[in-house]
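Dear colleague,

I am handing over the structure we spoke about, and it is placed just below this paragraph.

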Amino acid sequence: MSTLFFTDPACLTHVTPEGHPERVDRLRTILSALDDPGFAALDRRQAPPAPVSEVLRCHPQSYVDQIRDAVPVLGQVQLDADTWLSSGSWDAALNGLGALLGALDAVIAGEGRNAFAAIRPPGHHAETAKPMGFCLFGNVAIAAKRALDHHGLRRVAVLDFDVHHGNGTQDLLWSEGRALFVSSHQFPLWPGTGRADETGALGTVLNLPLPPGTDGLAFRAAWEAQVFPRVDAFVPELILVSAGFDAHRDDPLAQLALGVEDFDWITRRICDLADTHAGGRVVSALEGGYNLDALAASTAAHVKVLMERGA
């Protein structure tokens, strides 16, 4: 059994302005890295675009219409200080979400123990009716709701190690007692949310704010002390991962100090939890990471561990 790898060429058609950190080259760099012969065993697949009905698991129709109607025929449109639309953004968003949901469905069907979806635009900052931080739709939160409501799982854990707080995922899952949401992130840092006292309407949110300069040893200690016991107690039937690699020490948007070896480690420990509670089922989706070399190396390390554990 191989690790499943989902992506979609439409994700390359979401074009941001020159100099924007969330750019097409991020995905190109990842695809190039995963073309190495060491990744030949990946089970590479493409799924159909997600129907709007999947987006509606987390977002209201009025918001979906707002995004669709704002997509330009030519050029680019700015939604907020950070978030842009181009003519390809609608297809990128739905096709990328479709890739993630295809990965979810295949793992739940037993076609692979784990999967990685290389998609953009990212999703973990998109709130219920608000695009934010390069994100349009809450990809991983939507996948969690599909796992619960369509596939009938009872408990899903969403683990987010992006350097920025997953405020959108938190918003979308705030009152969902069947989903445990965990975010480790630099604090203070944009978007300014993610304090430890933000615990969700039903106590199923765990935030780990980390001070600037936090290195790999401190990052690992925080997850060992706070996250893994909480996930063990929750006993998830599936683990979804918001895999942002911008906590790398070379990333230009933040000041945590992780290395590639730390992303290897966190992936192994997440797989340990999945082996214990979820039959090894891990579905991971790309979020941030803006230094191209660090992004390529970190993503490759993450996928390589998934391949080792998924075999």
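Is the crossing of α4 and α5 left-handed or right-handed? Please keep in mind, while you look, that this is a predicted model. The crossing of these two helices is right-handed, and the axes of α4, which covers residues 89-108, and α5, which covers residues 139-149, come within 10 Å and cross at roughly 35 degrees. On the α4 side the contact is made by Leu97, Leu100, Leu101, Leu104, Asp105 and Ile108, while α5 contributes Asn139, Val140, Ile142, Ala143, Arg146 and Ala147. Sorted by class, these are nine nonpolar residues, one polar residue and two charged residues.

Arg146 and Asp105 also form a salt bridge, with their closest N and O atoms 2.9 Å apart. This pair links distant parts of the chain, since Arg146 belongs to helix α5 and Asp105 to helix α4, 41 residues apart. Arg146 is buried, at a relative accessible area of 10%, whereas Asp105, at 24%, is partly exposed.

Salt bridges elsewhere

Across the whole structure, a search finds 24 salt bridges. One of them joins Asp262 and Arg220, where the closest N and O atoms are 2.9 Å apart. Because Asp262 lies in helix α8 (residues 260-277) and Arg220 in helix α7 (residues 216-234), this pair ties together parts that are 42 residues apart in sequence. Asp262 is buried, with 3% relative accessibility, and Arg220 is partly exposed, with 23%. There is also one network, in which salt bridges that share partners join Arg113, Glu224, Arg269, Asp272, Asp275 and Arg309. A further salt bridge is the one between the side chains of Arg195 and Asp197, at 3.2 Å from N to O; here Arg195 is partly exposed at 41% relative accessibility, and Asp197 is exposed at 56%.

Cysteines and a distant pair

The structure holds zero disulfides. For Cys58 the reason is distance, because the closest cysteine sulfur, that of Cys135, is 13 Å from its own, too far for a bond. Cys58 is buried, at 11% relative accessibility, and Cys271 is buried as well, with a relative accessible area of 3%.

Finally, Ala297, which has its place in helix α9 (residues 292-310), is partly exposed at 34% relative accessibility. The C-alpha atoms of Ala297 and Ile30 are separated by 8.5 Å, although the two residues are 267 residues apart along the chain.

With kind regards

Methods. Residues are numbered from 1 along each chain as its sequence is written. This is a predicted model: local features need pLDDT of at least 70, side-chain atom pairs count only at pLDDT 80 or more; totals for chains, interfaces and linings use all residues. Side-chain values use heavy atoms; hydrogens and water are left out. A disulfide is a pair of cysteine sulfur atoms within 2.5 Å. Buried means under 20% relative accessible area, exposed over 50%, partly exposed in between (1.4 Å probe, protein chains only). Helices (H or I, at least four residues) and strands (E, at least two) are DSSP runs, numbered from the N terminus. Axes are lines fitted to C-alpha atoms, for helices over the stretch in contact, and angles run from 0 to 180 degrees between N-to-C directions. A crossing is left-handed if the near helix is turned anticlockwise from the far one by less than a right angle, and right-handed if clockwise. Contact means heavy atoms within 4.5 Å. Ala, Val, Leu, Ile, Met, Phe, Trp, Tyr, Cys and Pro count as nonpolar, Asp, Glu, Lys and Arg as charged, and the others, Gly among them, as polar. A salt bridge is a side-chain nitrogen of Lys or Arg within 4 Å of a carboxyl oxygen of Asp or Glu.
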